[in-house]
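Please examine the following model and its sequence. The paragraphs below lead from a loop to salt bridges.

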Amino acid sequence: MVPNRRIPQQSRSQNRLYLILETASDLFCEIGYDATTTNAIAGRAGISIGSLYQYFPDKFHILVDLVERYRAQLIPVLVQIDSPEVTQLPPSVLIDRLVDPFLLFFEQHPVYRHLLLGADVSPDIGHAFHDLGQEMDDHFVTIFQRLVPSLDLEQARIVSMLCGKQLQALLSLRAENADPRFREQVTTEVKRMYLAYLEMYLGAKDDC
C-alpha cells in the first residue's frame, strides 16, 4: 500500500494514475530505475510534478505500486503451475511447465523483467520485490517438495533459489539478444541444465 496517496475515484483520475505508471514503466525500461526521476516521469506524461505528487510521494512508491500490480498478474501464473498434477508429468514436460509461462509473462511485460533483473543491484528494487520474491519462493518450495517428498524445507529452498537464479540468467540472456534463433537455443540449453539438475532428485530419465 502506498501511503498518503490520492485514491482515484473518477475515471479521469484513474486514467492519470494509469498514465503515470505506464510512463514510469517506459522510463524504467529505457534508462533504468536509478536514472529515472519524478520530474522525468511527469514531463514525459505531460502533467505537472504537483499532479504526480497527488498520487505518489516519490519514485519509490511508484515502483511499489508497479510491483504490486506485477504480483496481481504473476501469482495466478504460479498458482496454475503449483498443482498436484505436476507429479505426474514427464521431466521434460515438467520443465516446460515451470519455465515457459514465465518467459511468456516477462516478454509481455518488459518492465517487470527489467525490475526483476535489477533486484540484486538496486536497494530500492530489492526492497520493493522482497515480499513478492518470498511468495514466489514459497510456491516453488511447495512444488519441489511435492515432486520430491524426501526434500526437507531447507534443501527445497536451496533448490528453489538455484532454479530462480538460473531463470534470471535466462531472462537476461534473452533480453540482450533479439535474434529469435539465439533465444530459442539458449532457452533449450537452460532447460537441459534444469532437467539434468532435477533428474538427480526425480530419479527419472527423459530426453529434452
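In which loop is Pro 57 found? Pro 57 lies in the loop between helix H3 (49–55) and helix H4 (59–81), helices being DSSP runs of H or I with at least four residues, numbered from the N terminus. This is a predicted model, in which local features need pLDDT of at least 70 and side-chain atom pairs count only at pLDDT 80 or more, while totals for chains, interfaces and linings use all residues. Residues are numbered from 1 along each chain as its sequence is written, and side-chain values use heavy atoms, with hydrogens and water left out. With a relative accessible area of 36%, Pro 57 is partly exposed; buried means under 20%, exposed over 50%, and partly exposed in between, for a 1.4 Å probe and protein chains only. A distance of 35 Å separates the C-alpha atoms of Pro 57 and Gln 166, which are 109 residues apart along the chain.

The structure holds ten salt bridges, each a side-chain nitrogen of Lys or Arg within 4 Å of a carboxyl oxygen of Asp or Glu. Arg 44 pairs in this way with Glu 30, their closest N and O atoms being 2.9 Å apart. This pair links distant parts of the chain, helix H2 (residues 38–45) and helix H1 (residues 11–31). Arg 157 forms a salt bridge with Asp 137 at 2.6 Å between the closest N and O atoms, and this pair joins helix H8 to helix H7. Arg 157 is partly exposed at 30% relative accessibility, whereas Asp 137 is buried at 17%.

How values were computed
Helix = DSSP H or I, 4+ residues; strand = E, 2+ residues; numbered from the N terminus.
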